[in-house]
Amino acid sequence: MTDTDLGTAVIVYDDPDEGTVEKRVENENIAYFQDHWIVKLDEDAGGNDVVRRIPIQRVHYVERSVEEFETEVKTLRNQVESFAKNLQSSLLGGTDDADADARTEEPQSIEVEDGRSSE
């Protein structure tokens with residue numbers, strides 16, 4: 001298996017102790033999630049990732065090198081669509097394919113006898 005170079009990123013943000021910080025990381029070690037940039041800083045003795053969550057309000061900019069901008073935008077669009085679908089499901093109740101099929105079928109009619117004789 002070949003090691004794919006995913007590019008690098010530079011994040012510039014305000015740190016309460018250090019002032020303005022510029023950090024260069026591999027693209028695989030930075031992500032945006034829930035109004036925070038998450039940056040992998042290191043690993044602890046147990047092999048767990050040590051990450052820093054940076055609120056979007058403290059970030060000046062993030063500059064990333066990507067192989068194809070179109071692929072990056074498509075990934076972002078997929079993330080937004082997935083988030084929107086999850087939000088819709090949470091707010092309006094989940095629907096699965098069986099529910100959708102049931103709503104599109106023709107109504108069923110059932111004849112009921114009223115118990116009177118037909119004489």
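Reader: Where is L87 found?
Author: L87 is found in helix α1, which covers residues 69–92. The model is a predicted one.

Reader: Is L87 buried, exposed or partly exposed?
Author: L87 is partly exposed, at a relative accessible area of 40%.

Reader: And which residues make the nonpolar surface patch?
Author: F83, L87, L91 and L92 make that patch. Its area is about 480 Å².

Reader: Let's step back. How many helices and strands does the protein chain have?
Author: The protein chain has 2 helices and 6 strands.

Reader: In what order do the elements run?
Author: From the N terminus, the order is β-β-β-β-β-β-α-α.

Reader: What share of the chain is buried?
Author: Buried residues account for 13% of the 119 residues.

Reader: And the accessible surface, what does that come to?
Author: About 10500 Å² for the protein chain. Carbon and sulfur atoms hold 47% of that surface.

Reader: What about contacts in the chain, what percentage join residues at least 24 apart?
Author: Counting contacts between residues at least 6 apart in sequence, 33% join residues at least 24 apart.

Reader: On to the open sheet of 3 strands. What's the order?
Author: The order is β2-β1-β6, and the pairing is antiparallel.

Reader: Which strands stand at the edges?
Author: β2 (19–26) and β6 (59–64) do. Each has a single partner strand, so one side of each lacks a neighbour in the sheet.

Reader: How many degrees are neighbouring strands of this sheet turned against each other?
Author: On average 15 degrees, with direction ignored.

Reader: How many bridges pair β1 and β6?
Author: There are 5 bridges between β6 and β1, which spans residues 8–15. The two pair in the antiparallel sense.

Reader: Which residue is the bridge partner of I11?
Author: I11 has V62 in β6 as its bridge partner.

Reader: Now β3 and β4. How many bridges join them?
Author: Strand β3 (residues 30–33) is joined to strand β4 (residues 36–43) by 4 bridges. These strands run antiparallel.

Reader: What stands opposite I30?
Author: V39 in β4 stands opposite I30.

Reader: Is V39 buried or exposed?
Author: V39 is buried, with a relative accessible area of 1%.

Reader: Which residues does V39 touch, leaving out those up to four places away in sequence?
Author: V39 touches I11, K23, V25, N29, I30, V50, V51, R52 and I54.

Reader: How far apart are V39 and V25?
Author: They are 14 residues apart in sequence. In space the C-alpha to C-alpha distance is 7.9 Å.

Reader: Back to the hairpin of β3 and β4. How many residues are between the strands?
Author: The hairpin has 2 residues between its strands. Q34 takes a positive phi near 50 degrees there.

Reader: And what phi does D35 have?
Author: D35 has a positive phi of about 60 degrees, although it is not a glycine. D35 lies in the loop between β3 and β4. Q34 is not a glycine either. Most residues other than glycine have a negative phi.

Reader: Is Q34 buried or exposed?
Author: Q34 counts as exposed, at 54% relative accessibility.

Reader: Change of topic. How many salt bridges are in the whole structure?
Author: A search finds 3 salt bridges.

Reader: What does the pair of R52 and D15 tie together?
Author: The side chains of R52 and D15 meet at 3.8 Å, N to O. R52 lies in strand β5 (residues 49–55) and D15 in strand β1, so the pair ties together parts 37 residues apart in sequence.

Reader: Is D15 buried or exposed?
Author: D15 counts as buried, at 13% relative accessibility. R52 is partly exposed, with a relative accessible area of 28%.

Reader: Which residue forms a salt bridge with E43?
Author: E43 forms one with K40, and their closest N and O atoms are 3.3 Å apart. E43 is partly exposed at 43% relative accessibility.

Reader: And where does D49 come in?
Author: D49 meets K40 in a salt bridge, at 3.3 Å from N to O. Shared partners join K40, E43 and D49 into one network.

Methods. Residues are numbered from 1 along each chain as its sequence is written. This is a predicted model: local features need pLDDT of at least 70, side-chain atom pairs count only at pLDDT 80 or more; totals for chains, interfaces and linings use all residues. Side-chain values use heavy atoms; hydrogens and water are left out. Two strands pair if DSSP finds at least two bridges between them. Axes are lines fitted to C-alpha atoms, for helices over the stretch in contact, and angles run from 0 to 180 degrees between N-to-C directions. Patches are made of residues with over 30% relative accessible area and no salt bridge: like charges are joined within 9 Å, nonpolar side chains (Val, Leu, Ile, Met, Phe, Trp, Tyr) within 5 Å. Accessible areas come from the Shrake-Rupley method with a 1.4 Å probe; for residues, only the protein chains shown count as cover. A salt bridge is a side-chain nitrogen of Lys or Arg within 4 Å of a carboxyl oxygen of Asp or Glu. Buried means under 20% relative accessible area, exposed over 50%, partly exposed in between (1.4 Å probe, protein chains only). Contact means heavy atoms within 4.5 Å.
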